[in-house]
Amino acid sequence: TMAKVLVTGGAGYIGSHACKALARAGFTPVAFDNLSTGWAEAVKYGPLVVGDLMDRAAVAAAIAEHQPVAVMHFAALSLVGESMKDPGLYWRVNVGGALNLIGAAAEAGIRYFVFSSTCATYGDQDGVMLTEDTPQYPINAYGGSKRAIEDILRDFGAACGLEHVIFRYFNVAGADPEGELGEQHRPETHLIPLMLDAVAGRRPALTVFGDDYPTPDGTCVRDYVHVSDLVAAHVLGLRWLMDGKGSRVFNLGSGRGFSVREVIGESRAVTNREVPVVQGARRPGDAAALVSASTRAIEELGWQPRHSALREMIAHAWAWAQKPEYRR
Ligand code: UDP
């Protein structure tokens, strides 16, 4: 039988794409998801266990039932703005849930753990290219909670040999190139889907958050990476651990930054339509620029981003937004 991997957040945007990649690589993905933001219909490549990470007994029961060889931990609250308004929620759910999961995994003797961390752990660093060794000074509770989980993993690694790969994501975008999966947040807060909803007339306009940042055109600069490339790195990270190469941190980005205005400009090329835009105030907690110096994953994991050109990411998101499954 095929080795199982417990995928928390397996019904979510990134987790569902990870399940597909794992299935393609010969694993059985077992999605564990409370469906608070995920979608049961997105779990297509293995079983779904509906459960909450805040319920330690439910986590332990899922592990006991399925005996996974590894855990991929995607389930988390992930909105910078929301984390600024309700920091307690982020610390409680993200850290509490991870602690239950890591504890249950260690107790069950699981040896491999792949964790979704974020470039938000770096904070605002004056636009320097961020490497895995850049010191982390998060400026919002989302980034703070993710950095804390990195620390927890290091302690469990030292105490009980839980080998872990930490991936610090930059801005994940796009959709499954075969059109089987895509991004479906409710409410949606991310730039590219909101922009495409505005293009499609599903909302009146895209609000650009701030135009007075210390960046070339005054709007925030982000490094966008295709969700399918991102999850491909996770499979490589799992193999890395199974090959005994030990705990390691990898940034996952394209190594190129685009301003909000540049993203808007690129979308015109994909859709042949104007994006209705209104200028708004800065969103609290946003760093001016977050760009990865993305060489470690390429050099050490042999990662090859294939779809992370901005135009292709927008095109895949646009194709997904035309599907009947796409709901607004
Ligand atoms: N953004 C924007 N308008 C929106 C949503 C996002 O101008 O309606 C900007 C946001 O300030 C940030 C970038 O787009 O600079 C990406 O934001 P997103 O929420 O997609 O990802 P984040 O960088 O917060 O993870």
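1. Let's start at the ligand. In this predicted model, a polar side-chain atom of Arg283 sits 2.8 Å from an oxygen atom of the ligand. The backbone takes part too: a polar backbone atom of Thr207 is 2.7 Å from a nitrogen atom of the ligand, and one of Phe209 is 2.9 Å from an oxygen atom. The ligand taken alone exposes 510 Å², and the protein buries 89% of that.

2. Next, the shell around the ligand. There are 15 residues around it, and Leu191, Thr207, Arg222, Arg283 and Asp286 come nearest. Strand β9 gives the largest share, 4 residues; helix α6 (191–199) and β9 (206–209) each supply at least two.

3. Now have a look at the open sheet. Its 7 strands follow the order β3-β2-β1-β4-β5-β7-β12, with parallel pairing. Because β3 (48–50) and β12 (248–252) have a single partner strand each, one side of each is left without a neighbour in the sheet. On average, neighbouring strands are turned by 20° against each other, direction ignored.

4. Strands β5 (residues 112–118) and β7 (residues 163–169) run parallel and are joined by 7 bridges. Within this pairing, Ser116 stands opposite Phe167 in β7.

5. Finally, the helices on the sheet. Helix α4 (residues 87–107) packs there, touching β1, β4 (70–73) and β5, and its direction makes about 170° with that of β4. Helix α2 (residues 56–66) lies across β1 (4–8), β2 (28–33) and β3, and runs at about 165° to β2.

Definitions and conventions
Residues are numbered from 1 along each chain as its sequence is written. This is a predicted model: local features need pLDDT of at least 70, side-chain atom pairs count only at pLDDT 80 or more; totals for chains, interfaces and linings use all residues. Side-chain values use heavy atoms; hydrogens and water are left out. Two strands pair if DSSP finds at least two bridges between them. Axes are lines fitted to C-alpha atoms, for helices over the stretch in contact, and angles run from 0 to 180 degrees between N-to-C directions. Contact means heavy atoms within 4.5 Å. A residue is near a molecule or strand if one of its heavy atoms lies within 4 Å of it. A polar contact is a pair of N or O atoms within 3.5 Å; within protein, one must be able to donate a hydrogen and the other to accept it, and residues adjacent in sequence count only if both atoms are side-chain atoms. Accessible areas come from the Shrake-Rupley method with a 1.4 Å probe; for residues, only the protein chains shown count as cover.
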